[in-house]
Amino acid sequence: MLAFTLIVLLVLLALSIPIASSLGILAFSLDSKYSSLPLYKAVGEIAWSSSTDFLLLAIPLFILLGEIMLRSGTAERMYDGLVKWISWLPGGLLHSNIGACALFAATSGSSVATAATVGTVALPQIKKQKYNESLFLGTLAAGGTLGILIPPSINMIIYGVLTDTSVPKLYMAGIIPGVVLAGLFTLLIIVLCSCKKSLGGESLHYSWSEKISSLPSLLPPLFIFIIVVGAIYGGFATPTEAAALGVVGSLGIAFKQGKLSFSMLKLALEGTVKTSSMVLLIIICAYFLNFVLAGIGLTDEINRIIVELEWSPTQTILAIIVFYLVLGCFMETLSMMITTVPIMAPIVIGMGYDPIWFGILLMVLLETALISPPIGLNLYVVQGVRERGDISDVMLGVIPFFIAMLAMIVLIVFIPEMVMWLPELIYN
């Protein structure tokens, strides 16, 4: 049963069938082959129940927030402002890429939107400033993954729904690891560009007056972050309501900057509908697949196999990490999370691990999947924005950052206080 499931899934992915369709086809295949009951008749009920959770409404709202920030030109001005402040470091604009990704991630909640937005703004600088193209592309693909970890995160919302875990606590737990990972990326760039200066392109210098005049362009993302996160932890709003406040704030910023127009809103809403529809369709199909897996007993079989191995909690968590690293090479991150968390989370929590801690570990594992060839979504996003050359350039550029993410995973496993300290401080 397990072998059949894996073979069918890999074949569907190899045929480049859309992931939602792949999950649905796999569910119907398992139902017809192994179930004595017509499980497919529950599709309507599952589709309704899985898509009407109030918390899931935050997903299209956060996507809309990111779209407005992009269409209003706020992201471009933010990048230009960061260039003036941090381009003096060894690596120049490479740091601006990471910084812009971290700052935009704190407003959009989406890794794909972060990589696409910052990539659109930054890519023209490669030839202009004579940067090593692979490393430059690598910073965009890797920096974009911070959208999963730095709150507000769409993936954390979905994890919270799947495991009945507090989203505000997840957000609080992701702050320190997100900052540390961005710091690791920055340190890595400094080391690489100090050892080989040609990687960092031409150095840029700006006067203090130019730096100070650029500060207003950095304020809108910070303003949105304070609105969203402050509303949640001030007790004024749920994550969904905070997302709505963020959308209102972004509209206010666009209006003040003279960028609010019908055409801009139309583009933002179109992008939101497309992305939200894709995400929710994957969620519905994944929920149905999970229902079928439980119905045919595959979930219990996997649990039994793991229990019979008689591994220690540390051995089990290391095996789960390896599982996700391998699976990330073949499966899209959102569907990977939705299909595996209902199986893995009870095992991990049953061994005494905190669901908040596991959620943050999972987010970093999903980040590695976003830049893991051949399926890594951010690789294709950056290459799509680039519109020339070969994707192998992007794959080569992310290797150092992939290693940095592995180091981050080690830190989270062996220093769990990094994750748990802030939520325990705030809530206890």
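**Working through the helix packing**

H2 passes H16 in a left-handed crossing (left-handed means the near helix is turned anticlockwise from the far one by less than a right angle, right-handed if clockwise). Before going on: this is a predicted model, where local features need pLDDT of at least 70, side-chain atom pairs count only at pLDDT 80 or more, and totals for chains, interfaces and linings use all residues. Residues are numbered from 1 along each chain as its sequence is written, and side-chain values use heavy atoms, with hydrogens and water left out.

**Exercise 1.** Work out how H2 and H16 are oriented to each other.

*Solution.* Start with the helices: H2 covers residues 19-34 and H16 covers residues 262-295 (helices are DSSP runs of H or I, at least four residues, numbered from the N terminus). Next, take the angle, about 20°, with the axes 8 Å apart (axes are lines fitted to C-alpha atoms over the stretch in contact, and angles run from 0 to 180 degrees between N-to-C directions). The two are therefore roughly parallel (angles under 35 degrees count as roughly parallel, over 145 as roughly antiparallel, 65 to 115 as roughly perpendicular and the rest as oblique).

**Exercise 2.** Find out whether Ile 283 is buried or exposed, and what it touches.

*Solution.* Then, leaving aside neighbours within four places in sequence, Ile 283 is in contact with Ser 50, Leu 56, Ile 59, Ile 158 and Ile 338 (contact means heavy atoms within 4.5 Å).

**Exercise 3.** Now try Asn 290: is it buried or exposed?

*Solution.* Asn 290 is also in helix H16. At 13% relative accessibility, Asn 290 counts as buried. Setting aside neighbours within four places in sequence, its contacts are Ile 338, Thr 339 and Pro 342.

**Exercise 4.** Say which residues touch the most other members of the largest nonpolar core.

*Solution.* This core has 144 residues, and the ones to pick are Ile 158, Phe 358 and Leu 361 (a nonpolar core is a set of buried Ala, Val, Leu, Ile, Met, Phe, Trp, Tyr and Cys residues joined through side-chain atoms within 4.5 Å). Helix H20 (residues 355-370) gives the largest share of this core, twelve residues.

Definitions and conventions. Buried < 20%, exposed > 50% of the residue type's maximum accessible area, 1.4 Å probe, protein only.
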